[in-house]
Amino acid sequence: MNTTRAMTALALGGFGIGTTEFATMGLLPQIAETFGIPDYEAGHAISLYAAGVVVGAPLIAVLGAKLPRKGMLIGLMLAVALGNGLSAAAQDKTLLLVARFVAGLPHGAFFGIAAVVAATLVAPERRGTAVARVMVGLTVANLVGVPLATAAGQQIGWRTAYLAVSVIALITAAAIATWVPLVPKVEGASMKGEVRAFGRPTVWFAIFTGMIGFGGMFAVYSYVAPLTTEVAGLPGGAVPWILALFGLGMTLGATFGGRFVDRSVTGSVFGGLVAVCVILVLFGLTASIPVFLFFFLFLLGFVVQILAAALQIRLMDASPDAPSLAASSNHSSLNVANGAGAWLGGLAIAAGWGYTSTAWVGVALSVAGLAIAVASVLYERRAFERETTNQTMAMASAASTTVEPQPR
């Protein structure tokens, strides 16, 4: 088995999905012009894609509980190709919105199942590194794929960006079929078993940690363009560079950050959230100085990828009998964080507090995520203590009822 080739195939899928997710943001003017609608209305294509992610991740994981994981990955990439092909062919706004929703459906399920498969290909102590390597494709998409797709879309037409993603998805499906080995299903896996995972408080703690805590990053990232031009006073041409630097931070975080997760999953969650808080505080204080704007956004990209990998592993550990659903739900929660962070940041701006207020919104969300993580650890500790006490009492009770043999 060639693990490197298998990881490359999975990362390639992440590259295609990451490109289609974020390229739309750079192509909104062209899409709006094609259909004769305002930019904000064209932006519904972004919202519908995110809705597809939120709906598709748990739904597909549950429905595919008994299916082979390799076959699921191939099918999901074919669905990505279909959704993006339909996006490229859409002849009116409604068809485009439907196509973007369809394109978003396989997003979370692919990353979730890919993370589970990657974790099975390596030793248990290297799961964090394996999951992070899968996410490298998504981060490289931000660094290379999105700028190239945006440029091609602007020069040739926005439909070419979606067609390119369809081609990448088909190549990925072939690579998975060739390079990814067959992975055994979880013993006793079933739709009911997957759904039962949502009955565990530890699963919900992990989901809400990502849903709230990650909103801090998105509160700032969603308004990086006006932060660059209005706050730091840089020309519009600097925006692609700062986005690329953020993508570079994400790529390095995904490449090297898995080592932190390998050492301690819980420590990486706490450390990541604390680091995000500190970075956003410093960002809010210094965003008007270009060098600090670039530096702290780079650090933010680096740290959030470590946090994402740690939350992925934590969810998988919280639901060992339903890892596909748990891992897929992580991407649903992050897309909710995307929408919530952008919305709350927008409220602060609309209130007249300025673009730097998004940093303080981000700090508040990160602190809230940290509080949820603390509550999760306290709950797990108390649950462990109760289980230990019950076992001790049961053993004592069994010993006291044992009848000693009578001497003859």
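Start with the two domains, whose centres, taken over C-alpha atoms, are 21 Å apart. Select 1-180 for domain 1 and 192-397 for domain 2; these bounds come from an automatic or database domain assignment. The model is predicted: local features need pLDDT of at least 70 and side-chain atom pairs count only at pLDDT 80 or more, while totals for chains, interfaces and linings use all residues. Residues are numbered from 1 along each chain as its sequence is written, and side-chain values use heavy atoms, with hydrogens and water left out.

Next, show the interface. Here 33 residues of domain 1 are in contact with 30 residues of domain 2 (contact: heavy atoms within 4.5 Å). The two domains bury about 2700 Å² between them, 67% of it on carbon and sulfur atoms (the accessible area, 1.4 Å probe, that two parts lose on being put together, summed over both). On the domain 1 side, select Arg127, Thr139 and Leu143, which lose the most area to domain 2, together 18% of what that side buries.

The rule finds one salt bridge across the domain interface.

Now go to Gly36, in the loop between helix H1 (3-35) and helix H2 (39-42) (helices are DSSP runs of H or I, at least four residues, numbered from the N terminus). Gly36 counts as exposed because its relative accessibility is 67% (exposed is over 50%). From its C-alpha atom to that of Leu138 is 31 Å.

Terms used: Helices (H or I, at least four residues) and strands (E, at least two) are DSSP runs, numbered from the N terminus. Buried means under 20% relative accessible area, exposed over 50%, partly exposed in between (1.4 Å probe, protein chains only). A salt bridge is a side-chain nitrogen of Lys or Arg within 4 Å of a carboxyl oxygen of Asp or Glu.
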